[in-house]
Structures are given as structure tokens and as C-alpha cells.
Amino acid sequence: MMPEKVWKPTSLEEAWTLSSELGSDCCFVSGGTWLRTQWESGAQARVPHLISLDAFTEMLSGVNVSEDPLKGKHLTIGSLTVLADLIHDAAILEAAPMLSEACRQIAAPSIRNQGSIGGNLLSFSGDTLPALAVAEAELTFFNGRDYVDVPMADFLVNGKKSDDILVFVAIPYPPPTTNENAETFSFFRKEGRREAFIPSVVTVAGEGQYDRETGRFYDVRLAVGGAGMDPIRLLNTEAVINGTFYSQEMLYDVYNLVRREFQPPGDGFRSSFYKTKAAANLIISALYRKGVTSYEFK
Ligand SMILES: Cc1cc2nc3c(=O)[nH]c(=O)nc-3n(C[C@H](O)[C@H](O)[C@H](O)COP(=O)(O)OP(=O)(O)OC[C@H]3O[C@@H](n4cnc5c(N)ncnc54)[C@H](O)[C@@H]3O)c2cc1C
């Protein structure tokens, strides 16, 4: 079915009202790159009405650094910012390098120049989700009347209301550490069925601090996701890592914990068993690199 109509609202209020009036006969379109895959594969039915967010491109694109008493220093990414613009952005490389790495590994330049961060998040299986989960991002939605802030942790559990429009993504800068031996680290790894231009089998992201004097990890946050599965934070695994010394035993414990905590669905290409092992291996290899280079052979 071709869309009967592409609506081009000029205010967020108008866009929201259109969506609530047309209900399940419509959807918002940003870059349209994810929707296209859904329609072509038959995973989602085409809808007769598309609500284009094009009119807000200028207003809702770009990265800004701000500081306020409530949120502290943070950066704000407009929801229509295309993925390509997040790869080399200096503020993102400083506050959330795992997000720029996630964007770098998505698809190919043609898609990254068209697909938006908002569309990636709201596809609910995009590669940016684990990176934004460990960054403890906050999403600002317009609900027809107000702007509502939703912590990433709540979004992962509850999703969003269908008519709400994602306006901004805010990422806090990691708080400055007073420990001069602390090293901040972050990682994003994607496993696919080939090197590039392929949906992920699993993605893992992590961020934290490592004390190179004592060999302890702390403030570590981990998340896993991948195409066709709900991304999650690995809260039980994090709780065991934080405060623990780097050691071979610790890596074994983390490996087993990830395998217990992450139970993804299998698909036509990879079983659940394979995905959970892959995620556990990706995470311990990142911790191993940190521990070995900073402490074990010091
Ligand atoms: C060949 C190909 C390869 C791809 N490879 C990858 C990959 O490796 N990794 C990956 O993560 N993705 C991949 N994708 C999927 C897609 O390109 C990205 O997820 C992209 O970021 C989606 O952004 P978009 O602006 O095109 O979203 P759209 O398709 O426009 O929208 C996606 C969803 O979000 C909703 N939406 C969009 N913006 C808003 C908003 N502001 N408020 C409310 N709802 C909104 C739409 O209604 C829709 O449900 C690939 C796509 C293609 C075609």
C-alpha cells in the first residue's frame, strides 16, 4: 500500500494532534531508513498516513553543551540529528565516546547521512541503544502539552506513548573524579554476520572507572542489545564488578553472570546460546584489555 498522504506539520503541537487523530493509520517519519526495512521485509504493515518531521530539521538537529543546576554539565542532541554527525563530534567524543563508536558502526555512509538518532532509538533495536543506556541518557518527549523527561532506564522498560514526539536526547558528562589514579574507560562492540553493513547479532557497551593503583573497577555500567531484541542494562553483573579487583577469577565470574542475565531470543541465523556467549566474551575481552594493560603488567 502506498501512503495516501504525507503530512508536513509545521509545529510540534500540529504533529502531535495529527498523530493522535489518525491513530494507528499513521506514523512519524524522520529519515525513513528503518521504516523502509520494516515495510520491505513485511515486518510492519505500511500505513496510509505519514507524518513527516522534516519541518523541524533545523530546530531538532545538532549537539549543544549546556550546564544547569539540576542536570549539571550535559550535552543535548536534537532527535533529528543524523548519525553521521555524531561520529566525530568533539563533545560526544568527550562525554560518550561509545555513542560515536556505535554510530560509526551503523550501516554505511548513505544510511548514516539520512538516518537519525531519534529514529534509531525509537526503532527500539538500534545500535545506539546500549551506548545511550550506559551513558544514562535522558530523553525529552513532547506529549501534546508538555515536554517530559524520561530516563533511559524507564524508556528501556516502558517504551514511549505512540503520539509522543522525541525532541532531544541529553547525556550527562561523567562527573570529574578526585582519584588521580582513576582511568575512565568506555567501549562499544558489535558482532554481525560480516564485518560491516550488517544488522548486529549482539552489541555491547560499557563505561566505567578503573583504579590503576588498586586494580579495582568502579562506576561500571554495561548494556547489551542487538537487532530484534530488547536492549537491557546488566545491573547484576555491574553490581559484582564494582569494587572488585581485576583478576582471571573475576573475568570468569563476569562471563557466567552475563550468560545468566542476558537471555536473548534466537533467530534464523544465531541461537540464544550463541548470542549470550558472544556478549559475555565481548564484555570480558574489554575488561581484560583494561585490567591487563593498566594493572597486571604494570
Ligand atoms: C541498509 C540498512 C542498514 C541498516 N543498518 C543498521 C545498523 O547496522 N544498525 C542500526 O542500528 N540500524 C541500522 N539500520 C536501521 C536505520 O537506518 C537506523 O536505525 C536509523 O537510525 C533510523 O533512523 P531514521 O531517521 O531513518 O528512522 P525512521 O525510519 O524515520 O523512524 C524509525 C522509527 O522511529 C519513529 N520516529 C522517528 N523519529 C521520531 C521522533 N522524533 N519522535 C517520535 N518517533 C520518531 C518512526 O515513527 C519509526 O517508528 C539500517 C537500515 C538500512 C536501510
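Tutor: A helix here is a DSSP run of H or I at least four residues long, a strand is a run of E at least two long, and both are numbered from the N terminus. The model is predicted.

Student: Between which helices is the loop where Phe124 lies?

Tutor: Phe124 is not a glycine, yet its phi is positive, about 65 degrees. Its place is the loop between two helices, H6 and helix H7 (128-134).

Student: Is Phe124 buried or exposed?

Tutor: The cut-off for buried is under 20% relative accessible area. Phe124 has 19% relative accessibility, so the label is buried.

Student: What is the phi of Ala107?

Tutor: Most residues other than glycine have a negative phi. Ala107 sits in the loop between helix H4 (97-104) and helix H5 (109-112). Ala107 is not a glycine, but its phi is positive, about 45 degrees.

Student: How does Ala107 count by relative accessibility?

Tutor: Buried needs under 20%, and exposed needs over 50%. Ala107 has 21%, so it counts as partly exposed.

Student: Now the ligand. Which residues come nearest to it?

Tutor: The shell around the ligand holds 30 residues. By class, 14 are nonpolar, eleven polar and five charged. Those that come nearest are Phe28, Gly31, Gly32, Thr33 and Ser116.

Student: What percentage of the ligand's area does the protein bury?

Tutor: Start from the ligand taken alone, which exposes 980 Å². Of that area, the protein buries 90%.

Student: Which element gives the most to the shell around the ligand?

Tutor: Strand E2 (26-29), helix H2 (33-41), helix H6 (117-122) and strand E8 (165-172) each supply at least two residues. Five residues come from the one that gives the most, H2.

Student: How wide is the arc that holds the buried residues of H2?

Tutor: The buried residues of H2 are Leu35, Gln38 and Trp39. Viewed down the helix axis, they line one face, because they fall within an arc of 95 degrees.

Student: Which elements do the buried residues of H2 pack against?

Tutor: H2 has two sides to consider. Its face turned away from the buried side carries the exposed residues Glu40 and Ser41. The buried residues pack against E2 and strand E3 (49-52).

Student: Which residue follows H2?

Tutor: Look just past the end of the helix. The phi there is positive, near 80 degrees, and the residue is Gly42.

Student: Which residues does Gln38 touch, not counting those up to four places away in sequence?

Tutor: Gln38 is found in helix H2. Its relative accessible area is 15%, so it is buried. Beyond four places in sequence, Gln38 touches Ala43 and Gln44.

Student: How far apart in space are Gln38 and Ser123, C-alpha to C-alpha?

Tutor: Along the sequence the two residues are 85 apart. In space, the separation of Gln38 and Ser123 is 9.8 Å.

Student: What is the arc of the buried residues of H1?

Tutor: In helix H1 (residues 12-22), the buried residues are Leu12, Ala15, Leu18 and Ser19. They line one face of the helix, since their arc seen down the axis is within 130 degrees.

Student: Which residue follows H1?

Tutor: The buried residues of H1 are covered by elements including strand E1 (5-7), E2 and E3. Past the end of H1, phi is positive, near 55 degrees, at Gly23.

Student: How far is the backbone oxygen of Gly72 from a polar side-chain atom of His74?

Tutor: His74 lies in strand E5 (residues 72-78). His74 counts as buried, because its relative accessibility is 7%. Between the Gly72 backbone oxygen and the polar side-chain atom of His74, the distance is 2.9 Å.

Student: What is the relative accessible area of Ile92?

Tutor: Ile92 is found in helix H3 (residues 90-95). Not counting residues up to four places away, Ile92 touches several others, including Val63, Leu75 and Ile77. Ile92 is buried, with a relative accessible area of 0%.

Terms used. Residues numbered from 1 in each chain as written. Predicted model: local features only at pLDDT ≥ 70, side-chain atom pairs only at ≥ 80, totals over all residues. Heavy atoms only, no water. Near = heavy atom within 4 Å. Areas by Shrake-Rupley, 256 points an atom, 1.4 Å probe, with all protein chains shown as cover. Nonpolar A, V, L, I, M, F, W, Y, C, P; charged D, E, K, R; others polar. Buried < 20%, exposed > 50% of the residue type's maximum accessible area, 1.4 Å probe, protein only. Arc of directions from axis to C-beta. Contact = heavy atoms within 4.5 Å. Polar contact = N/O pair within 3.5 Å; in protein donor to acceptor, adjacent residues only side chain to side chain.
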